[in-house]
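Please open the structure in a viewer and keep the selection panel at hand.

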Amino acid sequence: MARLVELLLLLVILTNFIVLGTTRLSTCIRAVALQGFLLGVLPLALYPRGELHTWGLALGTVAVKAVILPRFLRWAIREAAVRREVEPRVGYALSLLLGVAAVAVAFAISGRLPLPEGARAMLVPAALATVILGLFVLITRSKALVQVVGYLMLENGVYLFGLTHVEEVPFLVEAGVLLDVFVGVFIMGIVVFHINREFDSLDSTRLSELVDR
Amino acid sequence: MILLGLVAVPALAAAGAYAHREAPWRTAWLITGALLHLGLVAFAWASRPGPALGGWLALDALGSIVLATVSVLFAVIASYTVGYLRWEQPRGGRAFVSCLLVFLAAASLVALSHHFVLLWIGLEATTLAVAPLIFHRHDRRSLEAVWKYLVISSVAIALALLGVFFLATAQAGAGRPLVLEDLVAQGTRLHPDWLKAAFIFLLVGFGTKMGLAPLHTWKPDAYGEAPGLVGGLMAGALTSCAFLAVARSTQVALAAGVGPFIRPLLLAFGLLSLGVAAAFLVGQTDLRRLLAYSSVEHMGLLALGLGLGAAGSYGAVLHMINNAFVKGLLFLAAGNLLLRGAAGTHRTPVSAGLLLVGLFAVTGSPPFGTFLSEFAILGAAFQGGHYWIAGTALALLALIFVALAVRILGVIHGPSPGAAEAARESPWLVAGPIALALAVLLLGVYLPSALVDALGAAAGALGGRAP
């Protein structure tokens with residue numbers, strides 16, 4: 001099972017790089033949907049006894065992060081007639097290079113931390129890498145919809161770290177966290193939709209009317 | 001049961017309000033929900049209910065103070081909303097009243113949670129409930145404000161969740177996971193390095209929600225674009241909830257003996273907030289952005305009080321109550337002026353008078369409650385030997401007083417509307433702010449003994465004492 005966990009975590013990190021490297025908005029959304037699916041499978045691989053709690057977590061995560069939210073984001077693209085390119089502030093090649101550096105930093109930090117033992121220890125570097133890359137996407141991509149993808153990556157990274165404590169945190173609480181993320185992305189999507197209708201663009205750099213005068 | 005009711009009643013009222021298509025029914029749900037909640041809070045203060053949900057929900061001194069503050073402020077804002085909805089129909093329609101009530105449910109959850117993830121869920125829910133309220137006009141400016149608010153707050157709160165998980169790692173099996181009482185009781189068994197990392201993430205995450213500089217950048221935009229009553233709710237109630245979250249994190253850190261690590265952090269955020277607020281208040285022209293920077297200032301004072309400890313903790317908790325009421329008063333009064341157009345086709349003598357009262361209250365002048373609480377915080381700085389902190393804070397407060405006075409007096413004595421007759425100010429629109437002004441005045445001259453006891457207990461939990 002440890003091998004499977006390692007493989008899944010490797011794939012999670014790879015999906016981060018797809019978001020960094022792609023030119024197309026729809027690929028970004030597909031990548032983050034795939035990441036959501038991997039995150040849903042992870043608890044089953046980590047805790048193979050397969051209690052009801054683990055299954056509930058897996059199903060809830062897959063439903064929200066791999067199915068509902070990506071569908072909703074695709075709906076927003078279609079309805080608001082968003083241009084399909086990512087239009088980054090930092091070039092794709094440089095993004096990928098910085099991404100590699102970020103992963104290296106995440107592993108270096110995790111190596112120095114006093115970690116919980118066992119297979120769960122591998123979660124920490126993957127989690128930190130995903131958090132850092134999510135923040136990176138939020139900062140370097142000016143299109144509002146891609147920023148939502150960045151936020152989802154960040155949230156996925158936090159979730160990965162949370163998996164080290166899955167047995168201690170009860171299901172009700174995890175469901176609450178999942179619900180909050182769901183509603184958060186939902187409201188963001190609605191705002192993105194209105195931004196695009198109002199500004200004819202999803203570029204958040206156009207949002208610059210409110211300043212101190 | 002009461003504890004669950006405090007969360008369930010506003011949540012049910014929100015659902016009830018959403019189900020009705022007629023505006024009067026929605027208003028009725030709002031008032032009923034607010035009054036029932038207020039009644040339950042009073043009952044909870046009298047009966048001191050035990051913990052519920054296996055210790056996850058409990059009512060301690062600090063939580064009950066935040067709960068009562070939010071409930072009173074919400075009742076006032078609910079009454080104001082009745083008058084507001086007659087003047088302006090927000091585009092949100094049905095959702096407007098429901099979002100207000102969902103906010104109350106989420107804020108109650110924050111005040112009652114003794115489980116860190118539950119606390120996080122409540123705080124995130126308050127953020128999300130407020131977002132549609134800022135965005136009620138659906139124009140460019142409110143879109144920009146709500147986008148900044150959503151992105152900055154969501155990222156911050158995600159980092160706070162990471163902080164909560166760090167805390168769970170620090171705990172590593174000592175007591176019930178992430179339950180406040182056990183974290184405090186087992187303080188010495190927590191892993192100090194993970195705990196320090198956790199505190200930094202929690203402070204950054206929850207501090208952003210409070211609006212501590214330099215994490216305050218969403219605040220002027222959101223407060224500037226939101227309707228007055230929503231601004232009052234955010235500056236009064238939302239910040240109090242975020243302060244409670246920071247205070248809970250402080251409580252755990254102090255119990256674990258990392259006070260020397262966290263106090264300088266809190267002091268630095270506090271002083272920086274005062275400095276940034278002073279810098280941006282000078283020359284600020286927009287009334288609501290002015291109030292937003294004033295809110296940054298007061299959050300800075302709260303952080304200072306927490307960081308100083310001793311009588312500072314007492315002052316911080318008292319100041320949280322005062323700040324909530326004063327900000328409610330100011331935003332509602334400012335909202336009244338803006339409802340009629342700031343340039344003015346009508347005169348609004350009562351609201352202008354309230355704004356003047358609010359000016360003296362917000363700058364900590366006697367005999368208002370803010371004077372006592374600011375005095376306690378600054379006094380703690382002098383007593384603790386932090387002379388340069390006290391000196392800097394005093395100088396900045398003086399500068400802030402001048403900046404606020406110049407601008408607010410300018411609004412009150414602004415260009416006369418000429419021949420226009422004095423507008424009849426609807427009692428709904430002025431009764432609430434008047435009640436808040438009286439409350440702040442009362443807190444300055446007389447503190448009920450139940451409140452004094454609760455304040456002492458809350459300060460004790462935060463490593464301080466009554467002065």
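Helices (H or I, at least four residues) and strands (E, at least two) are taken as DSSP runs, numbered from the N terminus. Axes are lines fitted to C-alpha atoms, for helices over the stretch in contact, and angles run from 0 to 180 degrees between N-to-C directions. The model is predicted: local features need pLDDT of at least 70 and side-chain atom pairs count only at pLDDT 80 or more, while totals for chains, interfaces and linings use all residues. Residues are numbered from 1 along each chain as its sequence is written, and chains are lettered from A and ligands numbered from 1 in the order in which they are written.

**First stop: a helix pair in chain B**

Select helix H3 (residues 61-87) and helix H17 (residues 427-445) of chain B, whose axes lie 7 Å apart at an angle of about 160 degrees. H3(B) is therefore roughly antiparallel to H17(B) (the term applies to angles over 145 degrees). The contact (C-beta atoms, placed from the backbone, within 7 Å) involves residues of H3(B) including B:Val76, B:Ile77 and B:Tyr80, and residues of H17(B) including B:Trp428, B:Leu429 and B:Leu436. By class, nine nonpolar, three polar and no charged residues take part. Here Ala, Val, Leu, Ile, Met, Phe, Trp, Tyr, Cys and Pro count as nonpolar, Asp, Glu, Lys and Arg as charged, and the others, Gly among them, as polar.

**Second stop: where the chains meet**

Next, display both chains: 37 residues of chain B and 34 residues of chain A form the contact. On the chain B side, helix H5 (116-134), helix H6 (140-171) and helix H9 (218-225) each supply at least two residues. H6(B) has the largest share, 17 residues. The chain B side divides into 23 nonpolar, seven polar and seven charged residues.

Which residues touch the most other members of the largest nonpolar core? They are A:Val149 and B:Ile134, in a core of 259 residues. Such a core is a set of buried Ala, Val, Leu, Ile, Met, Phe, Trp, Tyr and Cys residues joined through C-beta atoms within 7 Å. H6(B) gives the most to this core, with 21 residues. Select A:Val149 to find A:Val19, A:Cys28, A:Ile29, A:Val32 and A:Val137 in contact, not counting residues up to four places away in sequence.

**Last stop: a loop in chain A**

Finally, select A:Glu87, in the loop between helix H3 (52-79) and helix H4 (92-112) of chain A. Is A:Glu87 buried or partly exposed? A:Glu87 is partly exposed, because 15 other C-beta atoms lie within 10 Å (buried means 20 or more, exposed 12 or fewer, and partly exposed in between, with C-beta atoms placed from the backbone). Leaving aside neighbours within four places in sequence, A:Glu87 is in contact with A:Ser142 and A:Lys143.

Definitions and conventions: Angles under 35 degrees count as roughly parallel, over 145 as roughly antiparallel, 65 to 115 as roughly perpendicular and the rest as oblique. Two residues are in contact if their C-beta atoms, placed from the backbone, lie within 7 Å.
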